[in-house]
Amino acid sequence: MADLSQIDEQDWNEARRRAAILRPLMDLERCPRERARAAAAELGLSERQVYRLIQRLRAAGGALTALLPGGSHGGRGKQRLSVSREQLLRRGI
C-alpha cells in the first residue's frame, strides 16, 4: 500500500467525490445498470469502471482508499515508473 501521507489533496478530493456517488450503490445487492450508467456519466467514467470501483469499495469494506485514482501500471512498451523516479534512476546509473 502506498504511503497515505504522499497522496495529493486532489486525489483525496476525487476519492471523496466518487464515494458520495458510489457508496449508495455499494450497499445494493445488485447495482442496476441504469444507476451504474448515471454514476458513470456523473463521474466521467465508463460503466465498467463504475462496476470495478464498486467491487473495490466492497472488498475494502467501504474504505475511501479503495476509490483513490490509480496511476497507470505501464504495459507493453510503456513506463512503469513515475517521471521523478525514472529521473532519479537515470541519475544513479
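Reader: Is Arg33 buried or exposed?

Author: Start with the cut-offs. Buried means under 20% relative accessible area, exposed over 50%, and partly exposed in between, with a 1.4 Å probe and protein chains only. Arg33 has a relative accessible area of 52%, so Arg33 is exposed. Before going on, note that this is a predicted model: local features need pLDDT of at least 70, side-chain atom pairs count only at pLDDT 80 or more, and totals for chains, interfaces and linings use all residues. Residues are numbered from 1 along each chain as its sequence is written, and side-chain values use heavy atoms, with hydrogens and water left out.

Reader: Which residues is Arg33 in contact with, leaving aside its neighbours within four places in sequence?

Author: Contact means heavy atoms within 4.5 Å. By that rule, and with those neighbours left aside, Arg33 touches Glu47 and Tyr51. Arg33 and Tyr51 are 18 residues apart along the chain, and their C-alpha atoms are separated by 9.5 Å.

Reader: How many helices and strands does the chain have?

Author: Assignments come from DSSP. Helices are runs of H or I of at least four residues, strands are runs of E of at least two, and both are numbered from the N terminus. Here there are four helices and zero strands. From the N terminus on, the order is α-α-α-α. Arg33 lies in helix α2.

Reader: How do α1 and α2 cross?

Author: Axes are lines fitted to C-alpha atoms, for helices over the stretch in contact, and angles run from 0 to 180 degrees between N-to-C directions. Under 35 degrees counts as roughly parallel, over 145 as roughly antiparallel, 65 to 115 as roughly perpendicular, and the rest as oblique. The axes of α1 (residues 9-26) and α2 (residues 33-43) come within 11 Å and cross at roughly 180°. That makes α1 roughly antiparallel to α2. From α1, the contact is made by Arg17, Arg18, Ile21, Leu22, Pro24 and Leu25; from α2, by Arg35, Ala39, Glu42 and Leu43.

Reader: What classes of residue make up the contact of α1 with α2?

Author: Sort by residue type. Ala, Val, Leu, Ile, Met, Phe, Trp, Tyr, Cys and Pro count as nonpolar; Asp, Glu, Lys and Arg as charged; the others, Gly among them, as polar. This contact has six nonpolar, no polar and four charged residues.

Reader: At what angles does α3 cross α1 and α2?

Author: Take α1 first. The axes of α1 and α3 (residues 47-59) come within 10 Å and cross at roughly 75°. The two are therefore roughly perpendicular to each other. Arg18, Leu22, Arg23, Leu25 and Met26 in α1 meet Val50, Leu53, Ile54, Leu57 and Arg58 in α3. That contact divides into seven nonpolar, no polar and three charged residues.

Author: Now α2. The axes of α2 and α3 come within 8 Å and cross at roughly 100°. That makes α2 roughly perpendicular to α3. In α2, Arg33, Ala36, Arg37, Ala39 and Ala40 meet Glu47, Val50 and Tyr51 in α3. By class, there are five nonpolar, no polar and three charged residues.

Reader: Where does α1 bend?

Author: The bend at a residue is the angle between axes fitted to the seven residues ending there and the seven starting there. α1 bends by about 40° at Ala20, and a proline, Pro24, follows within four residues. The expected span is 1.5 Å times one less than the number of residues. The 18 residues of α1 should span 26 Å; the end C-alpha atoms are 24 Å apart, which agrees.

Reader: Which residues of α1 are buried?

Author: They are Trp12, Glu14, Ala15, Arg18, Ala19, Ile21, Leu22, Leu25 and Met26. These buried residues pack against α2 and α3. Arg18 counts as buried at 11% relative accessibility. Leaving aside neighbours within four places in sequence, Arg18 contacts Leu43, Leu45, Leu53, Leu67, Leu68 and Pro69.

Reader: How does Arg23 count, at 33% relative accessibility?

Author: Arg23, also found in helix α1, counts as partly exposed. Arg23 and Gly62 are 39 residues apart along the chain, with C-alpha atoms separated by 7.1 Å.

Reader: What share of the 93 residues of the chain counts as buried?

Author: The share is 26%.
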